[in-house]
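Thanks for coming. I will go through one structure, a few places at a time. Please have the sequence and the model open while I talk.

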Amino acid sequence: MKITVLTLFPEMFSGVLENSIIKRAIAKECAEIEIVQIRDFTTDKYGRVDTPPIGGGAGLVQKCQPIVDALNKIKTPTSHTALFSPRGVTYKEEKAKEYAKLDHLILVCGHYEGIDERVNDYVDELLSIGDYVLTGGEIPAMAVIDSVVRLLDGAISSDSLVDESFNEPILEYPQYTEPYDYNGSKVPDILYSGNHEAIGKWRRKQALLLTKKHRPDLFEKLTLSKQDKKLLEEAKSSEIPDWELKAIEKGHKYIK
């Protein structure tokens, strides 16, 4: 997959592309990332890409000509173009999965006070990463790149994607590392039991409880199985359920 970013500030992407999973994905040729300087396409004799808004107003507005010419140069029949805008659809995991199936994604980063309205006619969709103000589209573009690249075949281990938050509308279960006891806070004994079925049930219960508490909006979208309902009912009691006690007892030799 190829991702092209149109921006006035290419240098902002150097750290993102040269580290961690994205760097490895590029090295494995899972992804190709192209950063294009919009300024290279201006026909203004002074090299300007922005001017004061017609009709008056604060700030500077990006001109349509450099962006449209860049798009015309870069686009192919299989390209999909998204322009960051507060009018856009809110970016979510479902959209990341859609993008990961594309051959070529083009992300257009605005800056300054905004972009000439006519640029909207040359993109496939408007995209927003949330209801807050940023100085430009570069940080949203980095977020999209990171969330899409990690979904590409070979970018990361497929096992790492299985239980993550937002693969379904549920938060991920709690994770722990050594030591067993840190300042009096201990790792749950069930995780040392060696009983993977019981561990899976415990993790599912915790994921359900965390989602219900912290993201009730997501919880409402969940289709609960019979086991999910039973786990939630168990959670109303302060007592440890029998299946968990039995798993802990059988695996007691592994528990700290």
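Which polar contact joins the side chains of Ser79 and His104, and at what distance in Å? The contact is 2.6 Å. Before I go on, note that this is a predicted model, and the values I quote are computed from it.

Let me stay with Ser79. This residue lies in strand S5, which covers residues 79-90. Its side chain also reaches the backbone nitrogen of Thr76, at 2.9 Å. If we set aside the neighbours within four places in sequence, Ser79 is in contact with Ile74, His104, Ile106 and Asp124. Is Ser79 buried or exposed? Ser79 is buried, because its relative accessible area is 13% and the cut-off for buried is under 20%.

Next, the partner of S5. Strand S8, residues 125-128, runs parallel to S5, and 5 bridges join the two. One of the pairings puts Val89 with Leu127, its bridge partner in S8.

Now the side chains of S8. In a regular strand, side chains alternate between the two faces of the sheet. In S8, Glu125 and Leu127 point one way, while Leu126 and Ser128 point the other way. All four are buried.

That brings in Lys95, which is found in helix H4, residues 93-100. Which residues is Lys95 in contact with, leaving aside its neighbours within four places in sequence? They are Val89, Glu125 and Leu127. Lys95 counts as buried because its relative accessibility is 16%, and the limit is under 20%.

The largest pocket holds about 610 Å³ of space. It is lined by 25 residues, and the closest to its centre are Phe84, Ser85, Pro86, Gly110 and Gly114. Which strand gives the largest share of the lining? That is S5, with 5 residues. S5, S7 and S8 each supply at least two residues of the lining.

S7 also belongs to a sheet. Here 3 strands form an open sheet in the order S3-S4-S7, with mixed pairing. The edge strands are S3, at 50-51, and S7, at 114-115, and each pairs on one side only. S3 and S4, the latter being residues 61-62, run antiparallel and are joined by 2 bridges. Within that pairing, Asp50 stands opposite Gln62 in S4.

Last, the aromatics. How many aromatic pairs does a search of the whole structure find? The search finds 2. One of them is Tyr180 with Tyr192, an edge-to-face pair with 5.6 Å centre to centre and 70 degrees between the planes. This pair links distant parts of the chain, 12 residues apart. Tyr180 is in the loop between helix H6 (159-162) and strand S9 (181-182). Tyr192 is in the loop between strand S10 (185-186) and helix H7 (196-214).

Key
Residues are numbered from 1 along each chain as its sequence is written. This is a predicted model: local features need pLDDT of at least 70, side-chain atom pairs count only at pLDDT 80 or more; totals for chains, interfaces and linings use all residues. Side-chain values use heavy atoms; hydrogens and water are left out. Buried means under 20% relative accessible area, exposed over 50%, partly exposed in between (1.4 Å probe, protein chains only). A polar contact is a pair of N or O atoms within 3.5 Å; within protein, one must be able to donate a hydrogen and the other to accept it, and residues adjacent in sequence count only if both atoms are side-chain atoms. Contact means heavy atoms within 4.5 Å. Two strands pair if DSSP finds at least two bridges between them. Rings of Phe, Tyr and Trp (its six-membered ring) pair if their centres lie within 6.5 Å; planes under 30 degrees apart count as stacked, over 60 as edge-to-face and the rest as tilted. On a 1 Å grid over the protein atoms alone, a cavity is a set of points where a 1.4 Å probe fits but cannot get out, and a pocket is an open set with protein on both sides within 12 Å along at least five of seven lines; lining residues have an atom within 4 Å of a point. Grid points are joined across faces, edges and corners, and a volume is the space filled by probe spheres set on the points.
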